[in-house]
Amino acid sequence: MRVLGIETSCDETGVAIYDEQKGLVANQLYTQIALHADYGGVVPELASRDHIRKTLPLIEAALEEAHLSPSDIDGIAYTAGPGLVGALLVGSTIARSLAYAWQVPALGVHHMEGHLLAPMLEENAPSFPFIALLVSGGHTQLVRVDGVGLYQLLGESIDDAAGEAFDKTAKLLGLDYPGGAALSRLAEQGMPNRFIFPKPMTDRPGLDFSFSGLKTFAANTINQSIKEEGQLTEQTKCDIAYAFQQAVVETLMIKCKRALKETNLTRLVIAGGVSANKQLRHSLAELMQQLKGEVFYPQPQFCTDNGAMIAYTGFLRLKQGQHQDLAIEVRPRWAMTELNPINN
Ligand code: KG4
Ligand code: ZN
């Protein structure tokens, strides 16, 4: 079976083809980052319009990359939520229309389930059960995963997602949106221990997160530094980036450790845009070595939004006969725990 996957939930147009025998045979990505840069964030209407421009050419490019024609495609998977409603509607409408024309089944995929299953595309894929730390621009969640569709939410952010906190702090440091990756590059030159940021909600039990206070702490630290130094020097920016990143990484580590202990599990999966963060990957690898467990993450290009994770997730579900009728339905808000399991 070959499945075409289409991702258009936010500011990346991703198209990929997953082949049951060969694995991933095409992966095309177009990022709208430059389009939104002047606005300091994603402008939903511009995002939708750009998905309209880019999705069909990317589908053509994916077919060409895999040396396939439409008649070789057995099913189409598209992101149906969560995400920006207009952006989701573009991908869904194109996917549904093509499925109708090509007479193949189509299925709406949950974006976060896509992220969660992205590590399965790697050679060293995790087996069930495991704990997943999902850290993206819109979500921060700890999930117990007993199989595809068998998800128990253990904890989540009560305010900003980790990626959102990275982006907001990056903006305060004068970096372009989305500044998560750029902030982590500044942090590489940062001096340890010049600033110490709090680790929110780690001093009380539970697995929920709160990251909005870190942005305020960063703003106060920046104002104080400007008062003392007259301006924000490059080194101070790096030192603040370092302290911020350290606080986020340590907070995530503490909660992962707690989740593993509470569930008695030994495998940890991290996915979503922030899982591309080198410091987070490094620290969690060390933690899992100490705990004699294993950590799994997608290769960096599949941490952030992409079509491959949607093609793969869709393949797992379409293969079991799941699909939907012709109605085009998207779900901008959608809890992953509502998904039905497949026969794992
Ligand atoms: O998963 P994703 O591509 O989109 C959503 O589903 O939200 O995640 C995007 C988020 C952004 O907030 C971005 O700044 C963050 O992931 N991100 C990073 C890094 N790379 C991407 N944050 C920290 N360090 C990175 N290296
Ligand atoms: Zn995402």
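In this predicted model, the zinc ion (ligand 2) is held by three side chains, His111 (NE2), His115 (NE2) and Asp305 (OD), at 2.0 to 2.1 Å. Donors here are N, O and S atoms within 2.8 Å of the metal (3.2 Å for Na, K and Ca), and water is not among the atoms, so sites may look incomplete. Along the chain, the donors of this zinc ion are spaced as H-x3-H-x189-D. Because His115 belongs to helix α4 (residues 111-117) and Asp305 to the loop between β10 (294-296) and α10 (308-318), the pair ties together parts 190 residues apart in sequence. Helices (H or I, at least four residues) and strands (E, at least two) are DSSP runs, numbered from the N terminus. His115 is buried, at 1% relative accessibility, and so is Asp305, at 13%; buried means under 20% relative accessible area (1.4 Å probe, protein chains only).

Turning to the sheet, five strands form an open arrangement in the order β8-β7-β6-β9-β10, with mixed pairing. Two strands count as paired if DSSP finds at least two bridges between them. The edges are β8 (150-156) and β10, each pairing on one side only. Strands β6 (residues 130-135) and β7 (residues 140-147) run antiparallel and are joined by six bridges, with Leu133 opposite Leu142 in β7.

Residues are numbered from 1 along each chain as its sequence is written, and chains are lettered from A and ligands numbered from 1 in the order written. Local features need pLDDT of at least 70, side-chain atom pairs count only at pLDDT 80 or more, totals for chains, interfaces and linings use all residues, and side-chain values use heavy atoms, leaving out hydrogens and water.

Terms used:
Buried means under 20% relative accessible area, exposed over 50%, partly exposed in between (1.4 Å probe, protein chains only).
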